Amino acid sequence: MNDFDWMQLLNPEFYITMSLGGVKVGLWIVLFIVFAETGLFAGFFLPGDSLLFLAGIYSRDLIENFTIIESDVLNVTLLAVLVAVAGIIGNMVTFKTSLSIMVKFSIKSRFLVGFGLNYNN
């Protein structure tokens with residue numbers, strides 16, 4: 001991190017190979033970016049597709065921080081499962097947040113009724 005340049009933030013490989021205090025945090029950064037793109041309203045500017053492409057290439061390095069698996073197929077499979085879980089959790093957070101915002105501002109719509117939710121004041 002001594003040679004940090006702001007242009008590195010545009011390079012997805014920077015996130016995958018990132019280490020803080022000697023601990024590699026690339027896997028957690030990838031999972032957070034997937035979660036933020038699907039779950040947070042401000043995550044649309046993050047490098048998602050190119051990051052996932054490079055995560056597949058560096059899957060062995062990313063998964064070795066989590067567990068040691070010798071098979072490359074299992075490394076990619078485990079990475080895909082973790083990314084899918086992060087995306088699903090992100091979508092669930094967005095759904096719950098949207099529901100609470102609609103209830104807070106008393107937005108009565110067929111959307112709420114369609115899910116069997118009855119919020120009568």
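Ile-16 is found in helix α1 of a predicted model, in which local features need pLDDT of at least 70, side-chain atom pairs count only at pLDDT 80 or more, and totals for chains, interfaces and linings use all residues. Residues are numbered from 1 along each chain as its sequence is written, and side-chain values use heavy atoms, with hydrogens and water left out. Helices (H or I, at least four residues) and strands (E, at least two) are DSSP runs, numbered from the N terminus.

Ile-16 is buried, with a relative accessible area of 7%. Here buried means under 20% relative accessible area, exposed means over 50%, and partly exposed lies in between (1.4 Å probe, protein chains only). Contact means heavy atoms within 4.5 Å. Not counting residues up to four places away in sequence, Ile-16 touches Gly-26, Val-30, Leu-51, Leu-54, Ala-55, Tyr-58 and Leu-62. One of these residues, Tyr-58, is 42 residues from Ile-16 in sequence, and the two are 7.7 Å apart in space, C-alpha to C-alpha.

The protein as a whole has six helices and two strands. From the N terminus on, its elements run α-β-β-α-α-α-α-α. Of the 121 residues, 28% are buried. Among contacts between residues at least 6 apart in sequence, 45% join residues at least 24 apart. The protein exposes about 8400 Å², and carbon and sulfur atoms supply 66% of this area. Accessible areas come from the Shrake-Rupley method with a 1.4 Å probe; for residues, only the protein chains shown count as cover.

In soluble globular proteins, nonpolar side chains tend to be buried together. A nonpolar core is defined as a set of buried Ala, Val, Leu, Ile, Met, Phe, Trp, Tyr and Cys residues joined through side-chain atoms within 4.5 Å. The largest such core in this model has 18 residues, and those with the most contacts inside it are Ile-16, Val-30, Leu-62 and Leu-79. Two or more residues of this core come from each of α1 (12–16), α2 (26–39), α3 (48–57), α4 (59–64) and α5 (72–104). Helix α2 gives the most, with five residues.

In α2, the buried residues are Gly-26, Leu-27, Val-30, Leu-31, Ile-33, Val-34, Ala-36 and Gly-39. The expected span of a helix is 1.5 Å times one less than its number of residues. At 1.5 Å a residue, the 14 residues of α2 should span 20 Å, and the end C-alpha atoms of α2 are 19 Å apart, which agrees.

Leu-79 lies in helix α5 and is buried, with a relative accessible area of 6%. Leaving aside neighbours within four places in sequence, Leu-79 is in contact with Leu-27, Ala-55, Gly-56, Ser-59, Leu-62 and Ile-63. The C-alpha atoms of Leu-79 and Arg-60 are separated by 9.1 Å, with the two residues 19 apart along the chain.

Side chains of opposite charge can pair when their charged atoms come close. A salt bridge is counted when a side-chain nitrogen of Lys or Arg is within 4 Å of a carboxyl oxygen of Asp or Glu. A search of the whole structure finds three salt bridges. Arg-60, Glu-64, Glu-70 and Asp-72 are linked by salt bridges in a network.

Glu-64 and Arg-60 form a salt bridge with their closest N and O atoms 3.5 Å apart. The two residues are four apart in helix α4, so they are separated by about one helical turn. Glu-64 is partly exposed, with a relative accessible area of 40%, and Arg-60 counts as partly exposed at 30%.

Glu-70 forms a salt bridge with Arg-60 in which the closest N and O atoms are 3.4 Å apart. This pair links distant parts of the chain, with Glu-70 in the loop between α4 and α5 and Arg-60 in helix α4, ten residues apart. Glu-70 counts as exposed, at 60% relative accessibility. The side chains of Asp-72 and Arg-60 meet in a salt bridge of 2.9 Å, N to O. This pair also links distant parts of the chain, Asp-72 being in helix α5 and Arg-60 in helix α4, twelve residues apart.

Leu-9 is placed in the segment before α1 and is partly exposed, with a relative accessible area of 30%.
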